[in-house]
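Please examine the sequence and the model shown below. The paragraphs that follow treat the ligand site and then the salt bridges.

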Amino acid sequence: MGRPLSPRALITGITGQDGAYLAELLVDKGYEVHGMVRRASTEKFERIEHLRERITLHQGDLLDQRSLVDAIRASRPDEIYNLAAMSFVAVSWIQPTLTAEFTGVGVTRMLEAMRETAPEARFYQASSSEMFGKVREVPQTESTPFYPRSPYGVAKVYGHHITVNYRESYGLHATSGILFNHESPLRGLEFVTRKITWHAAAIKHGLRDHISLGNLDARRDWGYAKDYVEAMWLMLQQDRADDYVIATGRSNSVRDCVEIAFDQAGLGSWEPYVRLDPQFVRPAEVDHLIGDASKAARELGWRPKTSFEELIRLMVDADMKLLGG
Ligand code: NAP
Ligand code: G4F
């Protein structure tokens, strides 16, 4: 059966970084876009404000099965992108069981809701390179064994395996995208790249006089979120559901990020502004996270378009503009 001309998509986590970029991409492609949002005492829809007239929002929470079923029933999606999660690794040590509920069991709730109400839909699960943790090989591919190093990573491994299991048990079109770190001007301020680009801009504007960081030697394979949401969409256009690693294949350190950001902000040397603070050092770190996205290149035609340096410079420019008024 062919794909509909004007498909419908449901995005959980639409208020997050990836949700906002994905919603924009799908609206531009002519999709009818639905998003699931959870109630808060103050609405925080800044990232999707410019899309509000062109998308439909449904109340729902990964902890509440009824709301997931109702959101799927109301949106009648051809494609479901499950991006919602407790996504901050550092907090997963502070709230380990809540992380397991949101980031792990929440995936089963979504799959069950889809099985009941939209079994023909295609499902995307936001899996993570954090699942590789204490890496078993470098670079990591779809067949590299998992060794998670945080409660978040453990929960994502569960989410990944349950997605594969529902694909194999019930024949659902359920795909797991194993995405390495991806950043943007919409990144939450607690994640290290955005924390650095925001502080570089704030110091330049005289709003702060230093930044406190943890492990400057930590390395990640960092890409641009806008490039990565395109990979999510491409995965769901395939006839067969599968698993795909999405990465740049290059790694950089937190120190590299600081150097580029402070240079772009016109601050020169970064050393006088950076303080090391043990509160930002993790109980356990992941090792050489570097992804091999050759399967995605071969089967999806996907390649990263933005280098790490371009990414950090564009994030600093955005924060300079944001804080410059
Ligand atoms: P994000 O900015 O933190 O967004 C997370 C989203 O999940 C927000 O919309 C949040 O809603 C929603 N959410 C959290 N708990 C929920 C719950 N109980 N019920 C309903 N919604 C809930 O994360 P992101 O960077 O866009 O990442 C998207 C997904 O990809 C996440 O699953 C993340 O774990 C995964 N991932 C991210 C990366 C990366 O580098 N960005 C890499 C690999 C995998 P509120 O706005 O209400 O908080
Ligand atoms: O920016 P981060 O907090 O991202 P992390 O832990 O890699 O997780 C992100 O990427 C995952 C993909 O692998 C996603 F699944 C997950 O949802 C999230 O999007 O930390 C990056 C590195 C870490 O090694 C951390 O120890 O930066 C190091 N770091 C050093 N100082 C810091 C800081 N991290 C934060 N957040 N804050 C610091 O001050």
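How do the residues of the shell around ligand 1 divide into nonpolar, polar and charged? Ten are nonpolar, nine polar and five charged, where Ala, Val, Leu, Ile, Met, Phe, Trp, Tyr, Cys and Pro count as nonpolar, Asp, Glu, Lys and Arg as charged, and the others, Gly among them, as polar. The model is a predicted one, in which local features need pLDDT of at least 70 and side-chain atom pairs pLDDT 80 or more, while totals for chains, interfaces and linings use all residues. Residues are numbered from 1 along each chain as its sequence is written, chains are lettered from A and ligands numbered from 1 in the order in which they are written, and side-chain values use heavy atoms, leaving out hydrogens and water.

Of the 24 residues around ligand 1, those that come nearest are Thr 15, Asp 18, Arg 38, Ser 87 and Tyr 152; a residue is near if one of its heavy atoms lies within 4 Å of the molecule. Helix H1 (17-28), strand S5 (122-128) and helix H5 (151-170) each supply at least two residues of this shell, and S5 gives the most, with three. Helices (H or I, at least four residues) and strands (E, at least two) are DSSP runs, numbered from the N terminus.

Several N and O atoms of the protein approach the ligand. A polar side-chain atom of Tyr 152 lies 2.6 Å from an oxygen atom of ligand 1, and a backbone N or O atom of Asp 18 lies 2.8 Å from an oxygen atom of the ligand. At Leu 62, a backbone N or O atom lies 3.0 Å from a nitrogen atom of ligand 1. Taken alone, ligand 1 exposes 910 Å², of which the protein buries 88% (Shrake-Rupley method, 1.4 Å probe).

In helix H2 (residues 65-75), Asp 70 and Arg 66 lie four residues apart, about one turn of the helix, and their closest N and O atoms are 3.0 Å apart. Arg 220 pairs with Glu 285 in a salt bridge, at 3.5 Å between the closest N and O atoms. Because Arg 220 lies in strand S9 (residues 219-220) and Glu 285 in the loop between strand S13 (274-276) and helix H9 (294-300), the pair ties together parts that are 65 residues apart in sequence. Arg 220 is buried, at 9% relative accessibility, whereas Glu 285 is partly exposed, at 22%; buried means under 20% relative accessible area, exposed over 50%, and partly exposed in between (1.4 Å probe, protein chains only).

Conventions: Polar contact = N/O pair within 3.5 Å; in protein donor to acceptor, adjacent residues only side chain to side chain. Salt bridge = Lys/Arg side-chain N within 4 Å of Asp/Glu carboxyl O.
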